[in-house]
Amino acid sequence: MARDDWDPHRLPDLTGRRYLVTGSTAGLGFFSTLQLAAAGGHVIMTGRNPNRLASARAAVLRNAPDASVETLLLDTSNLGSVRAAAATVRGRAGLHGLLLNAGIVHPPRHRETTPDGHEVVFATNALGHYALAGELLLPLAAGRGRMVWVGSMSTSMWPYDPIDPELENGYTPWRAYVQSKVATSALGVLPTVVVSSVA
């Protein structure tokens, strides 16, 4: 389909294609899931709360009764959860699309760390997604798939600190969010290049 003909409200037929969306219980993740599924794609909806996942899946099916959607628990702040979810996805047929969307939009007032020892916003928004992308490179290549990492305009509103990306010093909620989104912009290039090269 030519770019001039692209209409996000009228996607091409996606029957037979499989997608994974992180943070699919609300916002961009939910509506992306709804559009992909309504166009015939099979969507793996992920999130860290099983009740919210079940509610989001039910909402998709109310809007698109013939949608093919499943749920998968995934907490991108927890590398063990990332590895477990990726192993489940790898055990099936090829993957045609990966939307890296989940994240903390309203960071904690004071700096917090994950069980893995990383600042929680940076871990959730950047590191966990980068690990997931790496784990799913081969299924994406097998499906000649594409990866999209959701960015933010905040990256142009505050300077990035490359020396202290996890803000061990000078933490503020806004700085933590910007640090994580700049990292997604930088880190997102490598998996995309690798998938293109392998495919």
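What volume does the largest cavity have? In this predicted model, the largest cavity has a volume of about 30 Å³, and a search of the whole structure finds one cavity of 30 Å³ or more. Its lining is formed by Thr76, Ser77, Leu79, Thr114, Asp116, His118, Ala123, Leu127 and Gly128. Helix α4 provides the largest share of this lining, with three residues. By class, the residues that line the largest cavity comprise three nonpolar, five polar and one charged.

Two of the residues that line the cavity, Leu79 and Gly128, also take part in the packing of α3 against α4, in which Leu79, Val82, Arg83, Ala86 and Arg90 of α3 meet Gly128, Ala131, Leu132 and Glu135 of α4. The contact of α3 with α4 divides into five nonpolar, one polar and three charged residues. Helix α3, which spans residues 79–90, packs with α4 at an angle of about 25 degrees, and the axes of the two helices lie 9 Å apart. The angle falls under 35 degrees, and α3 is therefore roughly parallel to α4. The crossing in which α3 passes α4 is right-handed.

A further helix pair is formed by α1 (residues 27–38) and α2 (residues 50–63), which pack at an angle of about 40 degrees with their axes 10 Å apart. Because angles count as roughly parallel only when under 35 degrees, α1 and α2 are oblique to each other. Helix α1 passes α2 in a crossing that is right-handed. On the α1 side, the contact is made by Phe30, Thr33, Leu34 and Ala37, and on the α2 side by Ala56, Ala59, Val60 and Asn63. Six nonpolar and two polar residues make up the contact of α1 with α2, and no charged residues are present in it.

Among the open spaces of the model, the second largest pocket holds about 550 Å³. It is lined by 25 residues, of which Gly23, Asn101, Ala102, Gly103 and Ile104 are the closest to its centre. Strand β2 (42–47) and helices α4 (120–135) and α6 (173–187) each contribute at least two residues to the lining of this pocket. By class, the lining of the second largest pocket consists of eight nonpolar, 13 polar and four charged residues.

Definitions and conventions: Residues are numbered from 1 along each chain as its sequence is written. This is a predicted model: local features need pLDDT of at least 70, side-chain atom pairs count only at pLDDT 80 or more; totals for chains, interfaces and linings use all residues. Side-chain values use heavy atoms; hydrogens and water are left out. Axes are lines fitted to C-alpha atoms, for helices over the stretch in contact, and angles run from 0 to 180 degrees between N-to-C directions. Helices (H or I, at least four residues) and strands (E, at least two) are DSSP runs, numbered from the N terminus. Angles under 35 degrees count as roughly parallel, over 145 as roughly antiparallel, 65 to 115 as roughly perpendicular and the rest as oblique. A crossing is left-handed if the near helix is turned anticlockwise from the far one by less than a right angle, and right-handed if clockwise. Contact means heavy atoms within 4.5 Å. Ala, Val, Leu, Ile, Met, Phe, Trp, Tyr, Cys and Pro count as nonpolar, Asp, Glu, Lys and Arg as charged, and the others, Gly among them, as polar. On a 1 Å grid over the protein atoms alone, a cavity is a set of points where a 1.4 Å probe fits but cannot get out, and a pocket is an open set with protein on both sides within 12 Å along at least five of seven lines; lining residues have an atom within 4 Å of a point. Grid points are joined across faces, edges and corners, and a volume is the space filled by probe spheres set on the points.
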